[in-house]
Amino acid sequence: MKIFMGKKYSCDVNYQYDEIIRKLYEVEGCEFVSQPEDADVIIFASTCSSTEGRIHLIIDYIESILNRKKEGAKTYLTGCLARGFLDSDSFSDVTQWLNTHIDCVIPNNHTNDLLKDLLKDQCPEYPSESGAVLQVDDESADIYISSGCAHKCSFCKTTFQKTPLTSMDIKDVRKYIDMVDAEKIKNLYVVGMNISQFGLDKENKYLLPSVIEYAEEKKNIERVCLVGLAFSDAIRQGFKYTLRDSKKVSLISGSIESGSNRVLGLMDKGFQIEELLEFYHFINQDSIKYLTTSVIAGFPTETMEDVEATIRVLSELKPYLDFVGICKYMDSSFVRSHSLEQLPKETIQEHARVYSKFLKHEGIPFNIIR
């Protein structure tokens with residue numbers, strides 16, 4: 001079976017592309033090809049829907065590939081574009097186009113369903129479980145424990161789609177941690193769109209602390225990294241005690257977005273910057289937990305005073321900062337922050353430049369996300 005994988009368009013939260021490739025490499029008879037004309041199967045696994053322009057860009061790309069596919073080739077699509085739209089009328093043309101032109105549109109948290117359908121002839125025993133997926137290499141394992149988020153930040157590009165919080169069963173998380181430990185893999189990455197809310201949908205409890213404590217007991221896991229931590233939940237639910245006591249949690253990936261309480265309020269982030277700083281200093285009392293974070297440059301109404309407030313926060317967090325992403329604000333008509341006064345592109349560019357100049361001067365690794 002010859003397989004063509006479409007271009008990668010998604011952010012790092014989308015794990016489907018790499019997971020699909022990794023699993024198909026393990027199946028005898030699967031061959032990846034560089035031209036869609038040669039493929040028996042075409043997979044678009046890395047789709048994005050952050051703006052209307054992004055949606056139509058990807059659809060144009062997909063159409064260009066479909067125009068080249070050979071007769072009888074089967075097509076699959078997953079990623080963010082596979083989610084349902086809350087305002088179905090406004091996006092009915094997108095949904096209709098996908099359902100007409102793609103053979104199988106698979107929800108982005110059901111990657112195993114795609115693989116099961118694709119491999120049913122070669123691997124009829126392929127598991128039917130869906131949801132979070134385990135990725136493993138020689139040194140690291142990624143466990144995607146949840147997808148979706150119950151928050152509605154005003155700028156979030158996923159709030160216009162159906163992205164309900166979906167957690168893996170806690171017993172399955174423990175099973176995967178046991179597997180990682182048994183394989184003597186040192187680095188465990190616990191990943192999700194908002195891992196802080198893990199368990200809230202199934203058991204009405206915040207279960208991430210119990211996941212951390214379970215991994216803490218394992219002999220061979222040396223390092224735990226938390227990717228997708230929402231500080232508002234972590235602060236409100238008292239995660240700071242578990243994180244302070246953990247000797248294995250060494251990296252946290254979570255977005256600050258701004259150091260200005262005024263801007264944080266407009267974003268509906270759910271915390272004040274003083275709470276964030278107290279929280280992060282507290283959890284580092286016994287062992288350091290490095291921080292990968294992001295800030296938004298040019299959020300509507302952001303002033304240079306707001307930028308300076310964010311820089312002061314980054315300066316205070318410097319001992320912990322591992323990496324900072326500078327995200328230039330990109331407006332879209334279906335986010336609530338669209339109703340705020342928008343900044344000119346030149347101002348957004350200038351705010352991003354100020355952030356990057358500070359980070360470069362301080363020797364803090366960063367990039368600018370356009």
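**Exercise 1.** Determine which backbone nitrogen lies 3.0 Å from a polar atom of the Thr51 side chain, and describe the surroundings of Thr51.

*Solution.* 
Step 1. The backbone nitrogen is that of Arg54. A polar contact here is a pair of N or O atoms within 3.5 Å; within protein, one must be able to donate a hydrogen and the other to accept it, and residues adjacent in sequence count only if both atoms are side-chain atoms.
Step 2. The model is predicted: local features need pLDDT of at least 70, side-chain atom pairs count only at pLDDT 80 or more, and totals for chains, interfaces and linings use all residues. Residues are numbered from 1 along each chain as its sequence is written, and side-chain values use heavy atoms, with hydrogens and water left out.
Step 3. Thr51 sits in the loop between β3 (41-44) and α2 (52-66); helices (H or I, at least four residues) and strands (E, at least two) are DSSP runs, numbered from the N terminus.
Step 4. Thr51 has 8% relative accessibility and therefore counts as buried (under 20% relative accessible area; exposed is over 50%, partly exposed in between; 1.4 Å probe, protein chains only).
Step 5. Beyond neighbours within four places in sequence, Thr51 is in contact (heavy atoms within 4.5 Å) with Lys157, Met330, Asp331, Ser332 and Phe334.

**Exercise 2.** Classify Lys69 as buried or exposed, or in between, and list its contacts.

*Solution.* 
Step 1. Lys69 belongs to the loop between α2 and β4 (74-77).
Step 2. Its relative accessibility is 28%, so Lys69 is partly exposed.
Step 3. Not counting residues up to four places away in sequence, Lys69 touches Pro36, Ile42 and Thr75.
Step 4. The Lys69 side chain reaches the backbone oxygen of Ala73 at 3.4 Å.

**Exercise 3.** Describe how helices α12 and α13 cross.

*Solution.* 
Step 1. The axes of α12 (residues 304-316) and α13 (residues 345-362) come within 11 Å and cross at roughly 25°. Axes are lines fitted to C-alpha atoms, for helices over the stretch in contact, and angles run from 0 to 180 degrees between N-to-C directions.
Step 2. The two helices are therefore roughly parallel (under 35 degrees; over 145 is roughly antiparallel, 65 to 115 roughly perpendicular, the rest oblique).
Step 3. Contact residues include Val307, Ile311 and Leu314 of α12 and Val354, Tyr355 and Phe358 of α13.
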